[in-house]
Amino acid sequence: MKGKEKRMKKISDIVKEMILGILVSGICIALIGIIFVPEKIDFIIGLLLGMVIAILMIFSMNHSIEKALDYDEKGAQIQSIKGYILRMIFLIAGFVAVYFIGMWGVLAYFLGIMCMKAAAYLQPYTKKFLHH
């Protein structure tokens with residue numbers, strides 16, 4: 001059981017690092033949006049919702065990985081697909097919600113989701129920052 005506990009701790013460290021990366025990149029995007037976007041409130045609401053969904057997706061991926069480790073190959077594949085479907089439901093529900101805000105909200109929501117990608121690139125740096 002020690003090996004499994006060590007894997008889970010490592011995954012949780014990665015989750016923390018990814019969340020920090022999402023927050024840092026989201027703050028940078030928010031600052032740019034506040035300066036250049038005419039519909040500031042719509043932009044910030046869309047961005048925040050995108051960032052929240054991105055963080056939920058990180059937790060969902062972590063949970064899917066932890067569950068998949070308890071199954072054989074076929075069961076792990078099924079668990080991964082279930083997690084993927086849940087993440088896509090989060091993603092689409094967010095797009096539907098921001099659709100009613102307007103164009104800037106939709107754009108900002110997309111940028112908030114993309115913060116997850118930026119967080120993946122920032123992860124080596126957030127790791128150094130969190131575990132120096």
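The protein chain has an average pLDDT of 90, and 92% of the residues score at least 70. Where pLDDT is low, the predicted coordinates should not be read in detail.

Two aromatic pairs were counted in the model. In one of them, the ring centres of Phe95 and Tyr109 are 4.6 Å apart and the ring planes meet at 70 degrees; since planes over 60 degrees apart count as edge-to-face, the pair is assigned to that class. Phe95 belongs to helix H3 (residues 73–99) and Tyr109 to helix H4 (residues 103–130), so the pair ties together parts that are 14 residues apart in sequence. Phe95 is partly exposed, with a relative accessible area of 31%, while Tyr109 is buried, at 0% relative accessibility.

The rings of Tyr99 and Phe100 also form a pair, with centres 5.4 Å apart and planes at 80 degrees, and this pair is therefore edge-to-face. Tyr99 and Phe100 are both exposed.

Helix H4 also contains Thr126. Thr126 has a relative accessibility of 6% and counts as buried, because this value is under 20%. Its side chain reaches the backbone oxygen of Gln123 at 3.1 Å. When residues up to four places away in sequence are not counted, Thr126 touches Glu17, Leu20 and Gly21.

Methods:
Residues are numbered from 1 along each chain as its sequence is written. Side-chain values use heavy atoms; hydrogens and water are left out. pLDDT is the predictor's confidence in each residue, from 0 to 100. Rings of Phe, Tyr and Trp (its six-membered ring) pair if their centres lie within 6.5 Å; planes under 30 degrees apart count as stacked, over 60 as edge-to-face and the rest as tilted. Helices (H or I, at least four residues) and strands (E, at least two) are DSSP runs, numbered from the N terminus. Buried means under 20% relative accessible area, exposed over 50%, partly exposed in between (1.4 Å probe, protein chains only). A polar contact is a pair of N or O atoms within 3.5 Å; within protein, one must be able to donate a hydrogen and the other to accept it, and residues adjacent in sequence count only if both atoms are side-chain atoms. Contact means heavy atoms within 4.5 Å.
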